[in-house]
Amino acid sequence: HTEFGKNAGQVYEGLKSKGVKRIISIIPSCTYTLHNLIPASIGRGDLEVKHFCQVVLENISSHKLRFPRKVKVTYHDPCQLARYMGLIEEPRQILRALKGIELVEPDWTKGEWATCCGGGGGFEAVFPELSQVLAVNRVKELVETGAEIIVTQCPGCIMQLKDGLRELKIDGIAVLDLAQVLAMAMEA
């Protein structure tokens with residue numbers, strides 16, 4: 001039994017003992033682990049695991065959400081969500097459903113072809129200089145869209161993109177999690 005397999009079994013049993021049947025996760029790596037890796041490791045997949053954006057999209061049509069001001073927004077795909085879980089269109093559909101938001105994106109560096117921000121899997125801790133170069137390159141691509149807000153769904157990506165903006169000395173562009181954008185649209 002691998003160390004991961006042992007831990008996966010303990011996590012699964014802990015959740016089941018508490019009566020958990022459904023998990024809504026917001027962190028891409030946690031979602032992937034709960035949805036894919038743990039079931040594969042223990043040979044059981046009877047917990048329903050969904051990412052936050054999937055749950056929001058299921059219910060968004062019943063709400064009339066408006067962002068507080070008209071704004072151009074671009075979206076950065078976290079590697080684990082786009083490449084590992086195929087959650088590419090869901091966040092874009094949510095952003096398009098919010099009145100006041102215009103989604104603007106790079107021509108081809110999006111979805112499964114999105115450029116990595118350099119923060120995946122602790123890369124920034126092991127290769128900080130290269131990680132910084134990747135962050136700056138990704139920010140340049142996203143800023144060229146004319147967006148005033150960069151939206152993503154990963155704390156690692158948020159830190160990297162903010163670092164890239166700082167390195168380029170770009171002010172006036174916010175980096176927000178999709179949950180923050182939704183919260184602002186609910187208050188408006």
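Which helix does Val 133 lie in? Val 133 lies in helix 7, residues 128-143. Helices here are DSSP runs of H or I with at least four residues, strands are runs of E with at least two, and both are numbered from the N terminus. Before going on, keep in mind that this is a predicted model, where local features need pLDDT of at least 70 and side-chain atom pairs count only at pLDDT 80 or more, while totals for chains, interfaces and linings use all residues. Residues are numbered from 1 along each chain as its sequence is written, and side-chain values use heavy atoms, with hydrogens and water left out.

Let's stay with Val 133 for a moment. Val 133 is partly exposed, at 44% relative accessible area; "buried" means under 20%, "exposed" means over 50%, and "partly exposed" is in between, using a 1.4 Å probe and protein chains only. Together with Val 126, Phe 127 and Leu 130, Val 133 makes a nonpolar surface patch of about 370 Å². Such a patch takes residues with over 30% relative accessible area and no salt bridge, joining nonpolar side chains (Val, Leu, Ile, Met, Phe, Trp, Tyr) within 5 Å and like charges within 9 Å. The areas come from the Shrake-Rupley method with a 1.4 Å probe, and for residues only the protein chains shown count as cover.

Arg 138 and Glu 141 both lie in helix 7, three residues apart, or about one turn of the helix. In an α-helix there are 3.6 residues a turn, so residues three or four places apart point the same way. Arg 138 is buried, at 0% relative accessible area, while Glu 141 is partly exposed at 21%.

By this rule the count comes to 11 salt bridges. One of them joins Arg 92 to Asp 77, with the closest N and O atoms 2.6 Å apart. This pair links distant parts of the chain, 15 residues apart: Arg 92 is in helix 5, and Asp 77 is in the loop between strand 3 (66-75) and helix 4. Arg 92 is buried at 2% relative accessibility, and Asp 77 is buried at 2% as well. Glu 89 and Arg 96 also pair up, at 3.7 Å from N to O, with Glu 89 partly exposed at 39%. Elsewhere, Arg 22, Glu 48, Lys 50 and Glu 58 are linked in a network of salt bridges.

Now for helix 3, residues 52-59, where Phe 52, Cys 53, Val 55 and Val 56 are buried. Looking down the axis of helix 3, its buried residues fall within an arc of 160°, so they line one face of the helix; the arc is that of the directions from the helix axis to the C-beta atoms. What do they pack against? The buried residues of helix 3 pack against strand 1 (22-25), strand 2 (48-51), helix 5 (89-97) and helix 9 (178-187). Contact here means heavy atoms within 4.5 Å.

Ser 25 is found in strand 1, and this serine is buried at 8% relative accessible area. Leaving out residues up to four places away in sequence, Ser 25 touches Cys 30, Thr 31, Leu 34, Lys 50, His 51 and Phe 52.

The structure holds two aromatic pairs. Tyr 32 and Tyr 84 have ring centres 5.0 Å apart and planes at 55°, so the pair is tilted. Tyr 32 lies in helix 2 (residues 28-42) and Tyr 84 in helix 4 (residues 79-84), so the pair ties together parts that are 52 residues apart in sequence. Phe 123 and Phe 127 form a tilted pair too, 5.1 Å centre to centre with 40° between the planes. Rings of Phe, Tyr and Trp (its six-membered ring) pair if their centres lie within 6.5 Å, and planes under 30 degrees apart count as stacked, over 60 as edge-to-face and the rest as tilted.

How values were computed:
Salt bridge = Lys/Arg side-chain N within 4 Å of Asp/Glu carboxyl O.
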